[in-house]
Amino acid sequence: MVPLDYYLILSAIIFAIGVVGVLIRRNLIIVLMSIELMLNAVNLTFIAFANSLGSMDGQVIVFFVMAVAAAEAVIGLAIVISVFRHRQSLDPQEMQLLKW
Amino acid sequence: MDASLIPLLPGAQVLLTALVVMLLDLFIDEHERGLLAWISLLGLALCGAEAILLWGSSEGTFGDTLLLDNFALFFTQIFIAVAALTVLSSMRYVRETGIHEGEFYSLILFATTGMIVMAAANDLMVFFLGLETMSVAVYVLTGMWRSSARSSEAAMKYFLMGAFATGFLLYGIALIYGATGSTNLNQISAYLLEPQGQWPPYLFVGGLLLLVGFGFKVGAVPFHFWIPDVYEGAPTPVTGFMAVAVKAAAFAAWARILMHELSPLDSDWALPLRVLAIATMTIGNLLAISQPSVKRMLAYSSIAHAGYLLIGIVAGEEWGSTSLLFYLATYAPATFGAFAVITLLTEQDKPKEDYGHFAGLGFKRPFVAMAMSLFMLSLAGFPPLAGFTGKFHIFRSAIIAGHTDLAIIGVLNSLLSVIYYLRVIVMMYMNEGGVKGKSFIESPYLYTAVGLAAAATIYLGVLPMRTLEWSRSAFSSLF
């Protein structure tokens, strides 16, 4: 049996990769992928805790999170398309119309 | 397990209306779409009536994950009022800007459903679902003005920041779940009250991440940088909706989670929250002064007001919480009204939102200018308007709780804010020029919304006792 700490450390690392991806990548699609990575790291945390606590709550929550993540991805891609139509670019650095 | 459906009633009412509006939109002719706004208003009015009838009830359902108490009902009333005003003020605006009506109204209602769930949530997971129902709808609303590059850019920024914050919030929930073994607020608080040796370290990390997530959602400094851009780019009625209802929903959840259930951790919250409150007030006010656009100025002013609201959270106890609720009620009409006046100054999808565009408004539209002056004076905290009574109770609660320094900083900040609020009034009454007659949206409904907001601003300032009493009973229903 793998100890709980290993899972927590792994998910913390994945979460950190996601955060760094959101902050430094210059492509909106990859930024969206990084956000998904953050949410999946959280899912891993939930499952690890649910397993060690012996409660089903955490497992159920993961389904909710997955559903919400899917809804967010749909909205996010739709917004990316509407932004792309206006400026033919996916670089967030070029979004300067409103002072950032 | 009990499954009484009554606690779901207000939320379900709004959700049902949203679905009806969304479906009816498919079968209705282009020129008859105005009907959809009236159906939305009817649904909101029914929900308001239900909330009044249910006042005083205290019932949980679905294993106490959703709790209908006065606290939830108080916020439900605020959300419904703001949603109804938003619908009223956007009836002509959506036509001028080419926003699709059916989707617009149903998204407003979906967002309102999410807020009602947030205020009633007694479980971190249900709170999260409400938050996402609200956020996803508001992301779309921000980008609804498809022909405007600014609107879609604002939607993109809002979405990225919102989803990013959601990640932090959810990670915080996960760690708290791991530490306490439950997401139910009652069980979390029972765990925290148990005398024991050591809490696992990730409980504090989880609490901190939750705080960061909330900071993003209410726009507290240093997590505020997205607010001005998003508020400026979004269609103006949506900005009003965001500045008032979305902020109130975030504070509702914050109050329920931090002030009551996690109160055993009070001593650990106190310092970061104090720093957050001081920074949010001061930086919001300082940046608001130098803005060339009134809409952007109001965005920074809403950041500053989030700072005042944080004082209420820091003060805590009965007074802090009561004044927090009351302040939200007084902040709502003035802020929404100010955005409604900016909505009024729209000329065929060209927004007129700079200070210069307000010049001479006092002579061209005396009543509108008078209402705008009321809103500005109320936000600055002049007696006898709503903003004054709200600020008075917030600062008083800080002094009672022994945070005199916070109260002093708050008063100094209010003085600072007078500079930019009065600038609008000076522009309207002492300058010539500005926009021409055809630059106004001449809609009786929009005028009604402005009038209602002005009436509420005066009412809450002159006769605050009843609302204050409601705030108090809303707060005491938490225990």
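The mean pLDDT of chain B is 89, and 96% of its residues reach 70 or more. Here pLDDT is the predictor's confidence in each residue, on a scale from 0 to 100. Among the elements of chain B, helix 6 (residues 124-142) has the highest mean pLDDT, at 95. Strand 4 (residues 350-351) has the lowest, at 73. Where pLDDT is low, the predicted coordinates should not be read in detail. The model scores ipTM 0.94 and pTM 0.93.

This is a predicted model, in which local features need pLDDT of at least 70 and side-chain atom pairs count only at pLDDT 80 or more, while totals for chains, interfaces and linings use all residues. Residues are numbered from 1 along each chain as its sequence is written, chains are lettered from A and ligands numbered from 1 in the order in which they are written, and side-chain values use heavy atoms, with hydrogens and water left out.

Chain A holds 3 helices and 0 strands. Helices (H or I, at least four residues) and strands (E, at least two) are DSSP runs, numbered from the N terminus. Along the sequence, the pattern of chain A reads α-α-α. The radius of gyration of chain A is 17 Å, well over the 13 Å that the globule rule gives for 100 residues, so chain A is more spread out than a compact globule. That radius is taken over C-alpha atoms, and the globule rule is 2.2 Å times the number of residues to the power 0.38. Taken along the principal axes, the C-alpha atoms of chain A fill a box of roughly 50 × 25 × 20 Å.

Of the 100 residues of chain A, 40% count as buried. Buried means under 20% relative accessible area, exposed means over 50%, and partly exposed lies in between (1.4 Å probe, protein chains only). The accessible surface of chain A comes to about 5500 Å². Carbon and sulfur atoms account for 68% of that surface. These areas come from the Shrake-Rupley method with a 1.4 Å probe; for residues, only the protein chains shown count as cover.

Contacts in chain A were also counted between residues at least 6 apart in sequence, and 55% of these join residues at least 24 apart. A contact means heavy atoms within 4.5 Å. Chain A has 5 positive and 6 negative side chains, and the centres of the two sets lie 18 Å apart. Lys and Arg count as positive and Asp and Glu as negative, without His and the chain ends. Each charge is placed at NZ of Lys, CZ of Arg, CG of Asp or CD of Glu.

The segment after helix 3 of chain A contains Gln88(A). Gln88(A) is not a glycine, yet its phi is positive, at about 50 degrees. With 55% relative accessibility, Gln88(A) counts as exposed. Ser89(A) is also found in the segment after helix 3 (57-87). Ser89(A) counts as buried, at 11% relative accessibility. Leaving aside neighbours within four places in sequence, Ser89(A) is in contact with Phe84(A) and Glu94(A).

Most residues other than glycine have a negative phi, and most peptide bonds are trans. In chain B, Asp64(B) has a positive phi near 60 degrees. Asp64(B) lies in the loop between strand 1 (59-61) and strand 2 (66-68). Its relative accessible area is 32%, and Asp64(B) is partly exposed. A cis peptide bond joins Val221(B) and Pro222(B), with omega about 5 degrees. Pro222(B) sits in the loop between helix 9 (201-218) and helix 10 (226-233) of chain B. Pro383(B) and Pro384(B) are likewise joined by a cis peptide bond, with omega about 5 degrees. Pro384(B) is in the loop between helix 16 (366-380) and helix 17 (386-400) of chain B.
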